[in-house]
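Open your viewer and keep the selection panel handy. We will go from stop to stop, and at each one you will hear what to select and what is there.

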Amino acid sequence: MVNFIIKLGRSGVEFLETLGRSGVFLMRAVFGLSLSFKGLALLVRQLYRVGVLSLIIIIVSGLFIGMVLGLQGYSILTDYGSEQAVGQMVALTLVRELGPVVTALLFAGRAGSALTAEIGLMKATEQLSSLEMMGVDPLRRIIAPRFWAGFISLPILAVIFSAVGVLGGMLISVDWLGVYDGAFWSNMQSAVEFESDVLNGVIKAVVFGLVCSWIAVFQGYDLIPTSEGISSATTKTVVYSSLAILSLDFLLTAVMFGGL
Amino acid sequence: MYQRSIEFLVGVFMLMGIAGLAFLAMQVSGLSLDAQQKSYKVYAMFDDLGGLSIRGRVSLAGVTIGRVSNVQLDRATYSAEVEMEIYSEIDNLSTDSVASIQTSGLLGDKYIAISVGADEEVLADGDTIFDTQSALNLEKLIGAFASGKAEF
């Protein structure tokens, strides 16, 4: 019994320590980005690896999710004889919820895990400590560009996801199922508001971008430098990111649309 | 050379993001650059709004000529005061126009339909439409039929 309480206390203290360490780490990563020519070149390189290389999966999933929404929406709405509202349904679902959330989940799996594994392997092969020995701060040279690349890429990817999804929904409902396209667009435009729907979706994506990149780079930097440690840290990145995304999405939705 | 092509691709990526946002703004949410259309305010009092809300349409002969900008309760008369913004180019509505609350379709949105009267004078900024018809309340109507009190 006493042992159990000791264990509980130790894990609580460890949790708080990790949280504090990650907070300090986040601050140093955020302000560690150097805006010199060399620093920006590093950032652009990471933007390519994190953002551009994630484009294919984002565009393809966006297209398919939009098409599924179009099909499902049509088959439900046609029961009420209001299949013109399918555009409104597809657009609101994508812009408010699915765009930011699915993009962030895919991003955590595609880019977040890769960042963790890469930084972890650098730590395991002592590349980070040799950088320190040469007088180069690994937080500025390695961590900050990767963190900022993830933070910048995710909102852009989410916007592209939503846009492609709307086009996919239009492809299905207008071109295949024969919804009148004027009604499709005008219903959508009267239902979707720029500030309250599109901008709130972008704000969600910005928050997810911060959390996902933070978790990914911190798990990589903080892991136990063994092959087992790398694999468990990569798993943790995906699990923690997904849980954080879904619970934060609930909170943000409650604040933005729940009338809180 | 390798670094240059990466920079190009990142630039394309950024541009795609901006294009996506522009698409969401213009085509999906219908934001237009000349959204600040000039308008003047007209007021109307109703006994029952029946679900009319802010941003509702104001239409004449089915064409949108403005929108509902505010709804509030008038404390003195216990009726609802609706503030409408009518586009400035529609400047020939006579003062005895009738404003009625109608429903688009059976279950659609509520909107204000204006039918023009015959008076020579026209409505100006800050004027009030006195001749109004409240929303058709479906529940009351069915209730009246069910209890056999409907009068025609």
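The tour starts with the ground rules and then moves from the chain contact to the cores and the strands.

This is a predicted model, in which local features need pLDDT of at least 70 and side-chain atom pairs count only at pLDDT 80 or more, while totals for chains, interfaces and linings use all residues. Residues are numbered from 1 along each chain as its sequence is written, and chains are lettered from A and ligands numbered from 1 in the order in which they are written.

**Stop 1: where the chains meet.** Show both chains and select their contact: 24 residues come from chain A and 18 residues from chain B. Two residues are in contact if their C-beta atoms, placed from the backbone, lie within 7 Å. Helices (H or I, at least four residues) and strands (E, at least two) are DSSP runs, numbered from the N terminus. The biggest contribution to this side of chain A is the six residues of α6(A).

**Stop 2: the largest core.** Next, select Ala104(A), Leu154(A), Ile160(A), Cys212(A) and Val217(A), the residues with the most contacts inside the largest nonpolar core, which has 70 residues. Such a core is a set of buried Ala, Val, Leu, Ile, Met, Phe, Trp, Tyr and Cys residues joined through C-beta atoms within 7 Å. Buried means that 20 or more other C-beta atoms lie within 10 Å of a residue's own, with C-beta atoms placed from the backbone. α6(A) gives the largest share of this core, 20 residues. Zoom in on Val217(A): among the residues it touches are Leu115(A), Ile119(A) and Phe147(A), leaving aside those up to four places away in sequence.

**Stop 3: strands of chain B.** Now select β4 (residues 79-87) of chain B, which pairs with β1 (residues 39-46) in the antiparallel sense over eight bridges. Strands pair if DSSP finds at least two bridges between them. Which residue of β4(B) is the bridge partner of Lys41(B)? Glu85(B) is that partner. β3 (residues 63-74) of chain B is also joined to β4(B) by eight bridges and runs antiparallel to it, with Asn70(B) bridged to Glu83(B). Four residues separate β3(B) and β4(B) in a hairpin, and Tyr78(B) in the turn has a positive phi of about 55°.

Stop 4: Gly148(B) follows α2(B), with a positive phi near 70°.

Definitions and conventions: A residue is buried if 20 or more other C-beta atoms lie within 10 Å of its own, exposed if 12 or fewer, and partly exposed in between; C-beta atoms are placed from the backbone.
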